[in-house]
Amino acid sequence: MAEQAYTVASDSENTGEEKSSSTLPEIAIGIDIGTSQCSVAVWNGSQVELLKNTRNQKMMRSYVTYKDDIPSGGVSNQLSNEHEMLSGAAIFNMKRLVGRVDTDPVVHACKSLPFLVQTLDIGVRPFIAALVNNAWRSTTPEEVMAIFLVELRAMAELQLKRPIRHVVLTIPVSFGRFQLTRIERACAMAGLHVLRLMPEPTAVALLYAQQQQQTTHDNMGSGSEKIALIFNMGAGYTDVAVTATAGGVSQIRALAGSAIGGEDLLQNMMHYLLPNADTLFSSHSINEIKAMGLLRVATQDAIHKLSTQTSVPINLDLGNGSKINKVLHRQEFEEVNRKVFEKCETLVTQCLHDAKVEIEDVNDVIVVGGCSYIPKVKDLVTSACKRKELYKGMNPLEAAVCGAALEGAVASGISDPFGNLDLLTIQIATLAIGIRADGGNFIPIIPRNTTMPARKEMTFTTAHDNQTEALIVVYEGEGQKVEENHLLGYFKIVGIPPAPKGAPEISVCMDVDASNVLRVFAGVVQLGSYQPAMPFMEVRMPTVDDGHGWCAEALNRAYGSTLDLVSVQKKI
Amino acid sequence: MISLTSSSSFFGPNVVVEGRRNPQYPSFRSVRPLTISASCASTVERPGSHIATGTSSLYEVLGIRMEATCLEIKTAYRRLARVVHPDVVVARGQRGQASADEFLKIHEAYSTLSDPEKRADYDRRLFERQWQANSRFTMSSSSSNSGFSSFRPRKWETDQCW
């Protein structure tokens, strides 16, 4: 087996500048790295084509196996059977771990995977390791993804017979900016430059826009507006988008997403079949890992079967004295996972509400992703959207990667004589961005679902008399309190002229460009002065690196409320 | 309640108009290496200032009639987005930063006019301004660029008393 070409092209997290300056004769490829599966697609000059690996597969498992010193991923490697992936040597589900700290419940859920996920619960990155020659060999989610991306890149280069440098990647809606920098880092490690990180349902929306445009071309129609609701449920994440499309322009009206997916369905079923699973597998001994693997494969298999049949027998000997002999019914599966399905419904209704769209005005309901084969998933979306029929024009597993490939071609400046690339997606912010003010509250400056590029400004004032410094702490998220959100960065404004509290005017402006690069500007507005005494600050975010869970706490401990700000109501 | 101010003291030329801030006030646009462009800074319009400065109405920004239907507004927005959106401009191999400002302006116009309530409110203010501008013109010829603030309806009422 050939050694991996492991090149680190750039350690820079600031890839945004290049996006706008480089001229791109080559067509960027689209990559969908799913929690469980991944795929690559490219615009071949007339249409989008999915690339296949040497085993003729379009869908490849997202994992990396560590054997001796050479790691190998699911693109090139062929496992003799499913159990080999669950022997402790294979790392998978990285999309659920990347960019998360060890206090995150999603990370805790990953502890029942058959490799090592160790947490200290202090807000640092979790410790992840694979079992190699009876020792836990540490790695990171970025490294695992990079190894995987190197294989995908090699596969694409072999088929397209050209070097691949630029990529469009699909990402979950709920990913924060810190997670996006981790994905960019993994790409940089694999020698790939990220042209765009596209929320998965917006990639599907782009494909839908193209399909609608082709239909109107054929009918010579006027291209009236069509509204679609896109529901994308994969192994790790569930996302919803409402898009309005006309004339090749898709306006994303609202996005909603959550870190729930097939993995949760699987884990809930494993716990249902073996209620003491957590204690049984807590020490990760070799026998435990083996038993865990057996249970995982059998449960996954049963869930798959329940998509087409109403009951499935499970006969399993875990080898440690516990045996499972049971007939599992579809109703049981739906009942055990009731909360997950309820959350899915909430996402749909929330997204429709945020888009200010009446359900009657939705022209098409699109359900994609690996979980779209589950009858309950289809049912819940059709009933939430009061539909009988779902949109049929898309392959549920390929829609996102096809959209990414379209975006790759459009962003590379490729034009198509038949107008198939006359497409534009007007994206929106997936999470609110704001600062800490009014005593530990999160004050959003750019609200969620704001059209990008976006620029918003808000005025704040001091919390104390003669306060000369103020701490600008930038967060991203939906919680009202800052602790519920993700810290992006912080900086201090100094030189505020001494004045009673509430008098100074401190302006904070946030700018998100079309490439989703965030810049924060802040400074003191000097009334009646023609010579600003203090320069303004311009900070590109996120600036925090690993351990950002710690960081916020340290800031709080060191400064408390002494450098607080208070939001100012707009004078009308 | 916290409300957003849509004006931008970081970018807008309104600093000059209001006369309370330094005209050479640092424009953050021009500090950025990639965005140095005089036209860039000057095209940034304070979104709410169309009325105050009287340069162009939101209808003019979108290139539509004042009677335009909701559909016409959407179509115009999409047509312009296809030209000025930074993604389109970058894909054509040009610099995208200047177009971000233009797109922001168009989106601002679109989001006001596509919301019936906001549009009605805007129309009312626009009408007031035009009417007042006309009457000012007939009453006195002193309307000049220095008197922007006096174009505001409230000021006009005090003028009327006088």
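Biologist: Which element gives the largest share of the lining of the second largest cavity?
Modeller: Strand 12 of chain A, with three residues. Bear in mind that this is a predicted model.

Biologist: Which elements each supply at least two residues there?
Modeller: Helix 6 (177–189) and strand 12 (193–199) of chain A.

Biologist: How much space is in the second largest cavity?
Modeller: About 190 Å³. The search of the whole structure turned up nine cavities of 30 Å³ or more.

Biologist: How many residues line the second largest cavity, and which lie nearest its centre?
Modeller: The lining has 20 residues. Nearest the centre are A:Leu180, A:Pro199, A:Thr430, A:Met452 and A:Asn516.

Biologist: What's the lining like by class?
Modeller: 13 nonpolar, four polar and three charged residues.

Biologist: Where does the second largest cavity lie relative to the domains?
Modeller: Between domain 1 (16–197) and domain 3 (433–567) of chain A, because both give residues to its lining.

Biologist: You listed A:Met452. What kind of peptide bond joins A:Met452 and A:Pro453?
Modeller: A cis one, with omega at about 0 degrees. A:Pro453 sits in the loop between strand 21 (441–446) and strand 22 (454–462) of chain A.

Biologist: And what about the bond from A:Met541 to A:Pro542?
Modeller: That peptide bond is cis too, with omega near 0 degrees. A:Pro542 is in the loop between strand 27 (537–541) and helix 15 of chain A.

Biologist: Why flag these?
Modeller: Because most peptide bonds are trans. Most residues other than glycine also have a negative phi.

Biologist: Is A:Asn133 buried or exposed?
Modeller: Exposed, with a relative accessible area of 62%. The cut-off for exposed is over 50%.

Biologist: What about A:Lys386?
Modeller: Its phi is near 50 degrees, again a positive value. A:Lys386 is in the loop between helix 13 (375–384) and helix 14 (399–411) of chain A. The relative accessible area of A:Lys386 is 65%, so it counts as exposed.

Biologist: Switching to pockets. What volume does the second largest pocket have?
Modeller: About 1100 Å³. Its lining has 46 residues. A:Glu476, A:Glu483, A:Glu484, A:Asn485 and A:His486 lie nearest the centre.

Biologist: Which element gives the largest share of that pocket's lining?
Modeller: Helix 15 of chain A, with five residues. Other elements supply at least two residues each, including helix 12 (338–355) and strand 24 (486–493).

Biologist: How do the residues of that lining divide by class?
Modeller: 15 nonpolar, 20 polar and eleven charged. Domain 1 (16–197) and domain 3 (433–567) of chain A each give at least three residues to the pocket lining.

Biologist: One last residue. Where is A:His271 found?
Modeller: In helix 8 (residues 262–273) of chain A. A:His271 is partly exposed, at 27% relative accessible area.

Biologist: Leaving aside neighbours within four places in sequence, what is A:His271 in contact with?
Modeller: A:Ala277 and A:Asp278. A polar atom of the A:His271 side chain also lies 2.8 Å from the backbone oxygen of A:Gln267.

Conventions. Residues are numbered from 1 along each chain as its sequence is written. Chains are lettered from A and ligands numbered from 1 in the order in which they are written. This is a predicted model: local features need pLDDT of at least 70, side-chain atom pairs count only at pLDDT 80 or more; totals for chains, interfaces and linings use all residues. Side-chain values use heavy atoms; hydrogens and water are left out. On a 1 Å grid over the protein atoms alone, a cavity is a set of points where a 1.4 Å probe fits but cannot get out, and a pocket is an open set with protein on both sides within 12 Å along at least five of seven lines; lining residues have an atom within 4 Å of a point. Grid points are joined across faces, edges and corners, and a volume is the space filled by probe spheres set on the points. Helices (H or I, at least four residues) and strands (E, at least two) are DSSP runs, numbered from the N terminus. Ala, Val, Leu, Ile, Met, Phe, Trp, Tyr, Cys and Pro count as nonpolar, Asp, Glu, Lys and Arg as charged, and the others, Gly among them, as polar. Domain bounds come from an automatic or database domain assignment. Buried means under 20% relative accessible area, exposed over 50%, partly exposed in between (1.4 Å probe, protein chains only). Contact means heavy atoms within 4.5 Å. A polar contact is a pair of N or O atoms within 3.5 Å; within protein, one must be able to donate a hydrogen and the other to accept it, and residues adjacent in sequence count only if both atoms are side-chain atoms.
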